[in-house]
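Student: Could you walk me through how to read this model?
Tutor: Gladly; let us look at it together.

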Amino acid sequence: MHKLNRLIQLLFFAVLVKPLVLIILGLNIRNKKGLPMEGPAVIMANHNSHLDTMVLMSLFPLRKMHKVRPVAAADYFLKNRWMAWFSLKIIGIIPLERTGKADRDTLFNECHDALDKGEILVLFPEGSRGLPDQMSTLKKGVYHLIKDRDDVSAVPIVMNGLGFALPKGEGLLVPVNVDVIVGQAIDHSPNADVFIDSTTKAFTQLKEFCITKQS
Amino acid sequence: MIDLSEFDFFHPVYLTMALVLGVLVFAHITSYCLVKLNKIKSPEELLLRIKSWWWIIGLLFFSILSGLTASIILIAFISFLALKEYLSIVPTRQSDRRVIFWAYLTIPIQYYLVSINWYGLFNIFIPVYVFLVLSVRMVLTGKNSGFIHSVGVLHWGVMLTVYSVSHVAYLLVLPIGELTDTGFGLMLFLIMMTQLNDVCQYLFGKLLGRRKIIPAVSPNKTWAGFIGGVISITILSGGIGPFLTPMDIQFSVLAGFVIAVTGFFGDVTISSVKRDLQIKDSGQLLPGHGGILDRIDSLMFTAPLFFHFVRYFYA
């Protein structure tokens with residue numbers, strides 16, 4: 001990351017995101033020790049709000065922030081110049097084609113590069129922000145990304161509350177405590193269906209630990 | 001109010017604060033030793049609890065030293081944290097988001113009324129106007145299913161976390177006869193006695209508790225704990241009240257009794273809420289304690305009652 005961008009990122013998270021997440025929202029974290037602090041690693045979370053990425057990133061200390069790379073939809077986050085600059089340079093997203101046309105072998109090139117550099121990827125296997133409290137069918141991307149990598153495991157995280165605080169299509173933030181439940185890394189699976197199955201089960205189990213009733 | 005430029009260490013408020021810090025240091029050292037000697041079942045929990053106490057007391061004392069405005073802001077912030085926690089644990093409807101946003105806006109208004117000492121409106125703003133306006137705002141969302149439940153849950157929460165708690169702040173601006181700098185003493189007295197009551201009821205219950213008062217709500221609440229708490233807080237209040245507040249010894253004793261009894265009811269009320277929702281703690285804000293509602297449950301009941309007690313007899 002460029003030095004100036006890194007500085008803007010630090011300021012953005014220290015002055016805006018962390019206070020917002022810790023004071024306006026407030027976290028109930030469970031099993032924080034399970035969070036991979038060193039890369040290469042993959043985090044899989046449920047997706048209900050733009051704040052999901054902000055909350056997940058603010059779980060990390062500022063000095064590690066640039067190592068955390070959310071994998072995000074290229075069609076959405078690169079749709080105009082300003083948003084592309086902010087997403088790529090300040091948040092440090094890895095853009096992903098989700099049109100289905102892309103070649104599976106080259107699709108994850110940038111993700112692999114990041115993992116090779118010891119970075120921590122954040123993925124939302126639902127593919128898009130779903131309705132609060134409803135888990136969409138999981139996509140198989142994470143399986144294909146890590147199947148040939150023995151050095152990487154995928155840690156599931158369930159968040160609850162953000163679909164109420166700032167749901168899709170809403171601009172008004174309503175303060176509410178957010179549950180962040182960190183699970184056990186999912187084992188490497190023989191095929192994608194088994195992997196999806198274990199992940200779905202893990203998400204369902206982790207959901208049980210949530211205190212916040214608002215989704 | 002207390003003027004920092006003429007810092008008088010022997011002012012009762014400062015002496016009490018020093019005493020509290022002394023007790024905290026003592027509690028810290030004692031629990032540290034007990035943990036080292038392996039006398040504690042869950043040592044991590046105890047140390048976290050003490051650490052949280054340092055934060056709570058540190059913030060409170062810092063705001064007292066910073067003056068009236070800072071103290072009102074701190075209590076407003078406590079209301080915000082409590083309302084947020086409440087609205088997180090009770091189920092509401094997704095369609096109520098905007099109504100809930102309005103509920104948050106009552107906090108700055110209510111505490112502004114405190115700061116300008118407008119007692120009349122302070123007293124009726126939430127019970128009357130917020131009550132009506134939130135209902136109307138919720139009607140305008142056009143969702144009938146679950147309306148009565150939602151509107152009730154929301155107003156009850158605002159009453160408890162904003163209206164009740166704001167009485168702590170109003171003590172600061174309440175003029176007592178000719179005196180105007182009595183607020184911090186009264187606030188400190190209320191908070192200290194309420195929290196000590198929790199501690200005493202817990203200790204007496206642990207040591208002597210047999211017969212449970214309301215086992216269905218809170219299995220840890222026993223008659224021995226309750227009575228032990230009431231007696232010790234009544235005596236303690238009689239000792240500290242005349243020194244820290246404008247109350248004489250009889251009224252201090254009576255105030256201690258009121259605080260001890262109502263504190264118990266505040267405690268079991270929040271227990272009942274948590275039982276209903278089948279959760280153990282209301283949050284994780286204060287490690288070792290649980291959420292903020294777990295800590296201020298008693299205060300939400302003692303604050304308005306102690307306030308009216310003082311206002312009726314002294315203001």
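Tutor: In chain B, among contacts with a separation of 6 or more, residues 24 or more positions apart account for 68%. Two residues are in contact if their C-beta atoms, placed from the backbone, lie within 7 Å. This is a predicted model, where local features need pLDDT of at least 70 and side-chain atom pairs count only at pLDDT 80 or more, while totals for chains, interfaces and linings use all residues. Residues are numbered from 1 along each chain as its sequence is written, and chains are lettered from A and ligands numbered from 1 in the order in which they are written.

Student: How many helices and strands does the secondary structure of chain B come to?
Tutor: Chain B has 11 helices and 0 strands. Helices (H or I, at least four residues) and strands (E, at least two) are DSSP runs, numbered from the N terminus. Chain A, by contrast, comes to 9 helices and 7 strands.

Student: How should I read two packed helices?
Tutor: They are described by the angle between their axes and the distance between the axes. Here the axes of α1 (residues 3-25) and α2 (residues 51-58), both of chain A, come within 10 Å and cross at roughly 100°. That makes α1(A) roughly perpendicular to α2(A), a label for angles of 65 to 115 degrees. Axes are lines fitted to C-alpha atoms, for helices over the stretch in contact, with angles from 0 to 180 degrees between N-to-C directions.

Student: And the nonpolar core?
Tutor: In soluble globular proteins, nonpolar side chains tend to be buried together. A nonpolar core is a set of buried Ala, Val, Leu, Ile, Met, Phe, Trp, Tyr and Cys residues joined through C-beta atoms within 7 Å; buried means that 20 or more other C-beta atoms lie within 10 Å of a residue's own. The largest core has 137 residues, and those with the most contacts inside it include Ile43(A) and Val165(B). Helix α7 (residues 183-208) of chain B gives the most to this core, with 12 residues.

Student: Which residues does Ile43(A) contact, leaving aside neighbours within four places in sequence?
Tutor: Among them are Leu56(A), Leu121(A) and Ile157(A).

Conventions: Angles under 35 degrees count as roughly parallel, over 145 as roughly antiparallel, 65 to 115 as roughly perpendicular and the rest as oblique. A residue is buried if 20 or more other C-beta atoms lie within 10 Å of its own, exposed if 12 or fewer, and partly exposed in between; C-beta atoms are placed from the backbone.
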